[in-house]
Amino acid sequence: DHARDGRGDDGRAAQDVEERRREPQSEVRKIHAPAGMEPPRVHRMLVEEGQWVQEGDVLAILDTEQRNRASLRESKAAHAVAERTLQRVLAGAKPAEIEAQKAAMELVAANLLLAESQLRRSESLLKSNAASIDAVDEQKTETEALRKEYQREASKLEAIREVREVDVRYAEAEVEKTAAAVADAAAVLE
């Protein structure tokens, strides 16, 4: 039987030939580009019309230049943002922020001077029994609170002026990362 139907001794050779000759169930086969590549353009066909192919064979190479150029533009834009962020971190606070904090300190300083003056007056009046101990204690508490507030405002000013090393390192790392992305995107286009 095997000799008659062309399969030979083990039947495998003829069966392989028979499988390669199978016709598709329909004449039209749809070929889709990978997602995100609409509309696909064929750069080079790798098979001839009517040529037999197997599932998984590469049929064509698609033109991805447009997508690659867009990727390069996006990488360059991200790199520019990272460089500006680094410049902003290195520059520190805006002059207006520093001036606003200085003004807040000056206001607290003026209130502190007034409170210290009132405390001295209250202590003087206490000596002549014209003021109560409670009034002097209240004035001391207010004066001490204003001293602490002034110290907080001074600390805020220092924090605003400070360029933290960790912020600089982070911004520098972002610049390096985006520069690498630009180089990768440019390499794909070459």
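In this predicted model, the buried residues of helix α6 pack against helix α3. The buried set in α6 consists of V168, A171, V175, T178, V182 and A185.

The geometry of the pair comes next. Two packed helices are described by the angle between their axes and the distance between the axes. Here α3 covers residues 65–91 and α6 covers residues 165–189; the angle is about 160° and the axes lie 8 Å apart. Angles over 145 degrees count as roughly antiparallel, so α3 is roughly antiparallel to α6. The crossing of α3 past α6 is left-handed. Sorted by class, the contact between α3 and α6 holds 16 nonpolar residues, 5 polar ones and 7 charged ones.

The length of each helix can be checked against its residue count. For α3, 27 residues at 1.5 Å a residue should span 39 Å, and the end C-alpha atoms are 39 Å apart, so the two values agree. For α6, the 25 residues should span 36 Å at 1.5 Å a residue; the end C-alpha atoms of α6 are 37 Å apart, which also agrees. The expected span is 1.5 Å times one less than the number of residues, because that is how the span is defined.

Methods: Residues are numbered from 1 along each chain as its sequence is written. This is a predicted model: local features need pLDDT of at least 70, side-chain atom pairs count only at pLDDT 80 or more; totals for chains, interfaces and linings use all residues. Side-chain values use heavy atoms; hydrogens and water are left out. Axes are lines fitted to C-alpha atoms, for helices over the stretch in contact, and angles run from 0 to 180 degrees between N-to-C directions. Helices (H or I, at least four residues) and strands (E, at least two) are DSSP runs, numbered from the N terminus. Angles under 35 degrees count as roughly parallel, over 145 as roughly antiparallel, 65 to 115 as roughly perpendicular and the rest as oblique. A crossing is left-handed if the near helix is turned anticlockwise from the far one by less than a right angle, and right-handed if clockwise. Ala, Val, Leu, Ile, Met, Phe, Trp, Tyr, Cys and Pro count as nonpolar, Asp, Glu, Lys and Arg as charged, and the others, Gly among them, as polar. Buried means under 20% relative accessible area, exposed over 50%, partly exposed in between (1.4 Å probe, protein chains only). Contact means heavy atoms within 4.5 Å.
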